[in-house]
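Me: I have a structure open and would like to learn how to read it. Can we take it feature by feature?

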Amino acid sequence: MKKILTLVFVSALGGLLTLGGYKFFIENETQPLAVEQSSDLPVFVPTNNTITSSTATAPDFVKAAEKSLDAVVHVKNTAIINAPISMRDLFYGRSSQRAQVGTGSGVIISPTGYIITNNHVIKNANEISITLNDNKTYDAELIGTDESTDIALLKIETEKELPFMAFGDSDNAKIGEWVLAVGNPFNLNSTVTAGIISAKSRDLTGQHQQSFIQTDAAVNPGNSGGALVNTNGDLIGINTAISSQTGSYIGYSFAVPSNIARKIVNDIMEYGNVQNGILGVSILNKNSREAIENKLNEIEGVYISEVQEDTGAEKAGIKPGDIIKKIDNIYIHKFADLTGYLKTKNPDDTVNVTLLRDGDEKTLPVTLLKPTTTVVEKIGFVKNASKKDLKNFNTEYGVKISKFADENYKAGWNRVGVEEGCIVTKINGEKLYSVDDAQKALRTRNPREPLQIEIINKQGEKIIHSFR
C-alpha cells in the first residue's frame with residue numbers, strides 16, 4: 001500500500017511540473033506582441049493611371065496588313081531556254097528548247113495597274129502573268145527595268161481600279177522600327193511576316209553600288225519584289241535579297257528603299273530609262289591600306305580622294321581631302337549613305353554638301369550632272385571623249401577607255417594594242433557618241449546574242465571582238 005501511495009504522489013508531482021512548464025514557456029511565447037508602426041514604411045495606393053509607353057505594348061500590325069495584302073501580287077514569268085542536247089538532237093542537227101517558269105512577288109503602285117517588282121524576277125521572260133490576291137490572273141507588259149537597282153515596272157489592263165500602295169519616305173525609317181514583309185513565297189496567296197529594321201544603307205557587293213534596308217522579317221523564295229511596310233502601312237521598300245547559305249531565310253533580308261524605287265519608276269515612266277545625277281567625286285575606301293596608313297579608317301563621314309573634271313563637285317569648289325559629313329538633311333557615315341541618297345536625285349538637281357576641310361565645316365551647293373562615265377562589260381570604265389580625243393584617233397564618234405575592270409581584261413586588250421585612252425566606237429553595230437549611247441546599246445541588246453565591241457587601238461587600227 002505504501003508503495004502504491006508513493007507512486008501516485010510521484011505521478012501527480014510530475015503532472016504539476018509539466019503543466020507549470022507549459023504555462024511558463026509555451027503560452028508566454030505565443031502571446032501577441034504590440035509593436036509601434038512607422039508611417040515611413042512604403043504603402044500601396046491604388047490609382048487609375050495606366051502605362052502608355054510604347055515599349056510596354058505590342059505593335060499592332062492589323063491595319064498595316066489590311067492595307068498591304070490586296071496590293072501585293074504573284075508574278076509568274078515564263079522563259080524559253082535551250083535544253084540539254086541529246087544524241088538524237090545532235091544527229092539531226094536540231095536544238096532543243098523548253099519553257100522555264102520563275103515566280104516572285106510584286107506591288108501594285110497605281111489604281112490603273114502599274115506594278116513594281118524585281119528585275120531578276122522577270123529577267124529574260126517571254127511571258128509575264130500577274131495573279132491578284134483574289135486569284136484573278138492577267139497578262140503583264142514589261143514597261144522598263146533598271147538592273148543596277150534590280151527594279152522592274154510592269155503594267156496590267158483591268159476594267160476596274162485596283163487596290164494599291166503609295167510610296168512612303170524610306171529616309172524616315174529608323175533602325176529598330178517594326179516592319180512587315182508582304183509577298184507570295186512558295187506560290188501562296190499574300191503572306192505577312194514581321195521583324196525590325198536591322199540596318200540601313202547596306203551594300204552587298206563591296207563596290208558601294210547598293211543601299212539596302214536590312215531587316216530580320218522572314219523573306220523566302222517568292223518574296224522577291226514584295227512589299228516592306230511600316231506599322232502605318234506605308235511602302236518603305238521592295239524586298240529583293242536574302243542573306244543565306246541555303247537560299248532560304250535564316251537571318252537577314254534586304255529591300256530597295258522606297259525613295260530609290262520611286263525615283264526609278266518615275267524615270268522609266270517619263271524617260272524610258274533611269275536618269276542618274278552624279279556628284280563627281282571618288283571616295284577613299286575606309287578599309288583600304290591607304291586609309292589605314294593615313295589614320296582615315298575611323299573618320300565620321302567619307303573622305304574625298306579625287307574630284308572629277310567638269311563635274312558639279314569641281315565647279316562648286318570641292319577638293320580632294322575634304323570629308324563629306326552631310327548632304328541636305330542626310331548624315332553621311334559611309335559611301336553607301338552617299339550613293340543611296342544620290343540615287344533618289346536627277347541630273348540638274350542641286351544638293352547642299354556639308355563638308356569638313358582643315359577642321360572647318362562648310363556647306364556648298366552642288367548641281368548634279370549626267371554621268372560622264374559608265375561600265376562596259378569585258379572592258380571596264382569608259383567616259384565621254386573630247387573633240388581632241390576623237391581627232392587623235394581620226395574618228396567622229398566614240399567613248400574613251402578610262403580604266404580596265406581588272407588585270408585580265410587589261411592584259412588581253414593590251415595584246416592587240418588596246419590601252420587606256422583608246423576609243424570604243426561601236427557596241428553591237430551601234431555607233432557611240434556618248435556614254436548614254438553605250439548604256440542604251442548594252443541595255444537593249446539580246447542577251448542570247450554575242451556582245452560585239454569595236455575599238456580603235458593605239459596604232460589607229462579598228463579591232464572587233466565578239467564575246468559570248
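This is a predicted model: local features need pLDDT of at least 70, side-chain atom pairs count only at pLDDT 80 or more; totals for chains, interfaces and linings use all residues.

Me: How many helices and strands does the chain have?

Reply: The chain has eleven helices and 26 strands.

Me: What share of the residues in the chain is buried?

Reply: Of the 468 residues, 40% are buried. The accessible surface of the chain is about 27,500 Å², and carbon and sulfur atoms account for 50% of that surface.

Me: How do I read contacts along the sequence?

Reply: Look at how far apart in sequence the partners are. Taking contacts between residues at least 6 apart, 58% join residues at least 24 apart.

Me: Now a single residue. Where is T374?

Reply: T374 sits in strand β20, which covers residues 373-376.

Me: Why does T374 count as buried?

Reply: Buried means under 20% relative accessible area. T374 has a relative accessibility of 12%, so T374 counts as buried.

Me: Which residues does T374 touch, not counting those up to four places away in sequence?

Reply: T374 touches G380, F381, V382, V435, A438 and Q439. With Q439 there is also a polar contact of 3.2 Å between the two side chains.

Me: And A441, which helix is that in?

Reply: A441 belongs to helix α11, residues 435-444.

Me: Is A441 buried or exposed?

Reply: The same cut-off applies: under 20% means buried. The relative accessible area of A441 is 6%, so A441 is buried.

Me: Which residues are in contact with A441, leaving aside neighbours within four places in sequence?

Reply: I427 and E430 are in contact with A441. For a distance, take K431: K431 and A441 are ten residues apart in sequence, and their C-alpha atoms are 8.9 Å apart in space.

Me: What classes of residue make up the lining of the second largest pocket?

Reply: The lining has nine nonpolar, nine polar and five charged residues.

Notes:
Residues are numbered from 1 along each chain as its sequence is written. Side-chain values use heavy atoms; hydrogens and water are left out. Helices (H or I, at least four residues) and strands (E, at least two) are DSSP runs, numbered from the N terminus. Buried means under 20% relative accessible area, exposed over 50%, partly exposed in between (1.4 Å probe, protein chains only). A polar contact is a pair of N or O atoms within 3.5 Å; within protein, one must be able to donate a hydrogen and the other to accept it, and residues adjacent in sequence count only if both atoms are side-chain atoms. Contact means heavy atoms within 4.5 Å. Ala, Val, Leu, Ile, Met, Phe, Trp, Tyr, Cys and Pro count as nonpolar, Asp, Glu, Lys and Arg as charged, and the others, Gly among them, as polar. Accessible areas come from the Shrake-Rupley method with a 1.4 Å probe; for residues, only the protein chains shown count as cover.
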